[in-house]
Amino acid sequence: MKQAILIIFLAFSINVFSQQQRSIKPNIIVFLVDDMGWMDTSVPFYDSVMPLNKRYHTPNMERLAAEGVKFTNAYGQPVCTPSRSSMMSGMNASGTHITNWTSPNNGDDADAPDSFMAPLNWNKSGLNPDAEAAGMAHATPFPKLLKDAGYYTIQVGKAHWGATGTPGANPYNFGFMVNIAGHAGGHPQSYLSEQRYGNMPGKAQPQAVPDLEQYYNTGTFLTEALTREAIKAIEAPIERQEPFYLNMCHYAVHTPIMADPRFVQKYYDAGLDSAEAKYAGLLEGMDKSLGDIMDYLHEKKVDDNTIIIFMSDNGGLDHHQRGGPGNTHNYPLRSGKGSVYEGGIREPMIVKWPGVVQPNTINKNPIIIEDFFPSILEMANVQTNNIIQKTDGKSFVPYLKNAALKEADRPLIFHYPNKWINISLSDEEKYGINYYTAMRYGNRKLIYRMRNQKFELYDLSKDIREEHNLAAAYPDEVKKLAIIFGKTLKERNAQMPVEKSTGKAVPLPDEVFNK
């Protein structure tokens with residue numbers, strides 16, 4: 001009898017201990033927005049409120065910022081798949097060789113053809129979490145490590161890590177236990193339930209959003225449908241007191257820029273043109289999603305043990321598919337998506353970690369998206385002993401725990417040796433698009449145009465608009481930074497395009513000085 005009682009007591013104690021251990025681990029949510037610019041919010045990330053901050057209405061981002069810390073120097077890559085792959089792998093795009101967006105059709109090259117540069121042999125099929133394969137980068141994704149450590153892992157929305165038919169197209173291969181609407185597509189065919197989010201008989205394209213049949217013809221905008229599914233998905237682990245990781249990846253605000261009927265009218269009434277009113281409505285719908293998830297966490301009394309990381313994958317559209325003139329949509333930043341100028345790479349980032357992060361604070365340390373890999377694993381107290389890749393990211397957790405901590409200068413690389421779109425050579429130079437690479441090092445930024453091997457040098461502490469090229473005035477500084485730049489690219493085995501006229505690769509930044 002005593003032995004039976006002892007066994008019951010031990011079993012009960014082990015169960016209680018297990019539940020306590022599970023509850024100690026924080027829940028983690030990455031709320032990743034697609035193509036959202038640094039200024040696409042009523043939260044000011046610059047040192048003052050700008051006109052664009054007054055245009056947009058994002059009260060839940062304001063709420064998150066009031067409860068957390070704003071990172072005002074956070075970066076992604078110029079386009080989506082390179083950023084998303086870097087986040088999953090902890091590797092910079094210069095090392096993954098995933099330097100452009102991946103086509104959903106396996107084998108298709110997203111690069112536009114060029115008269116002067118040969119096609120680049122980049123990893124056009126994306127990221128492979130399973131094994132080495134031609135045309136793909138191989139890495140251990142962090143959700144797989146979280147799953148192995150007892151996390152319930154959920155992917156909702158855009159994935160876009162690999163082409164159709166490859167392991168990278170399937171979020172389950174990345175360690176996710178639940179996948180809702182994540183596939184090879186990089187944008188939605190439609191945001192409208194009346195169009196079945198693109199799944200119309202005889203009209204569906206690879207970008208049609210899967211898994212949302214229950215919402216067809218219900219008037220439920222895509223952003224809302226994904227939010228409802230995310231809340232359903234986290235209900236079970238919350239009830240089981242099981243730590244969860246939610247990769248909440250909205251398709252918004254990627255094209256097609258469509259009207260969210262819940263919000264668009266106020267922007268028409270404010271006098272915005274059709275494209276800009278729809279864009280603002282997409283942003284407000286995304287913000288409502290953030291608020292709905294935060295409200296649910298509070299309702300379930302798990303908000304105090306949940307980390308929320310808000311981020312975008314690349315800068316906001318500027319050069320095309322927007323209303324109004326170019327070089328204005330991310331002001332004061334220059335250019336936008338596809339560019340190595342600040343408008344193409346600087347992102348709105350907010351982190352809430354109750355009990356760790358001091359609320360309503362600002363951190364100016366430069367952060368890049370591959371830093372998410374070690375940071376999230378450190379938050380979850382998960383080791384990286386069994387990964388196959390050499391990571392480039394650095395954990396930003398120390399900055400969350402000590403707001404006064406200042407980072408030593410390190411090279412942040414934005415490598416785009418591809419041709420994104422067909423535009424004139426003068427527009428390429430104006431917008432910083434096609435065959436560019438750039439490095440931020442402290443407050444200095446060196447940009448290298450591969451077409452002509454010319455440099456631009458900016459001091460971001462004084463010239464966030466990147467209007468005053470200091471390269472001619474400070475040649476020694478250019479050379480010093482170019483040496484750091486070239487060394488970093490060589491360490492990562494970065495690719496450079498090949499000139500058709502010579503059959504030779506474009507020199508790395510440091511090699512220009514050896515000619």
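**Chatting through the helices**

Mentor: Let's start at Asn381, which comes after helix H11 and has a positive phi, near 55 degrees. Keep in mind that this is a predicted model.

Trainee: OK, and H11 itself, is it mostly covered or uncovered?

Mentor: Mostly covered. H11 runs over residues 372–379, and seven of its eight residues are buried.

Trainee: Which ones are buried in H11?

Mentor: Phe372, Phe373, Pro374, Ser375, Ile376, Leu377 and Met379.

Trainee: Switching topic: how do H7 and H9 pack?

Mentor: H7 covers residues 222–239 and H9 covers residues 274–299; they pack at an angle of about 20 degrees, with axes 10 Å apart. Angles under 35 degrees count as roughly parallel, so H7 and H9 are roughly parallel to each other.

Trainee: And is their crossing left-handed or right-handed?

Mentor: Right-handed, for H7 and H9.

Trainee: Which residues meet there, from H7 and H9?

Mentor: From H7, Thr223, Glu224, Thr227, Ile231, Ile234, Glu235 and Ile238; they meet Gly285, Met286, Lys288, Ser289, Asp292, Ile293, Tyr296 and Leu297 in H9. That contact divides into seven nonpolar, four polar and four charged residues.

Trainee: Zooming out, how many helices and strands does the protein chain have?

Mentor: The chain has 14 helices and 15 strands. Its radius of gyration is 23 Å, close to the 24 Å that the globule rule gives for 515 residues, so the chain is as compact as a globular protein of that length.

Trainee: How much of the chain is buried?

Mentor: Buried residues make up 61% of the 515. Also, among contacts between residues at least 6 apart in sequence, 69% join residues at least 24 apart.

Definitions and conventions. Residues are numbered from 1 along each chain as its sequence is written. This is a predicted model: local features need pLDDT of at least 70, side-chain atom pairs count only at pLDDT 80 or more; totals for chains, interfaces and linings use all residues. Side-chain values use heavy atoms; hydrogens and water are left out. Buried means under 20% relative accessible area, exposed over 50%, partly exposed in between (1.4 Å probe, protein chains only). Helices (H or I, at least four residues) and strands (E, at least two) are DSSP runs, numbered from the N terminus. Axes are lines fitted to C-alpha atoms, for helices over the stretch in contact, and angles run from 0 to 180 degrees between N-to-C directions. Angles under 35 degrees count as roughly parallel, over 145 as roughly antiparallel, 65 to 115 as roughly perpendicular and the rest as oblique. A crossing is left-handed if the near helix is turned anticlockwise from the far one by less than a right angle, and right-handed if clockwise. Contact means heavy atoms within 4.5 Å. Ala, Val, Leu, Ile, Met, Phe, Trp, Tyr, Cys and Pro count as nonpolar, Asp, Glu, Lys and Arg as charged, and the others, Gly among them, as polar. The radius of gyration is taken over C-alpha atoms; the globule rule is 2.2 Å times the number of residues to the power 0.38.
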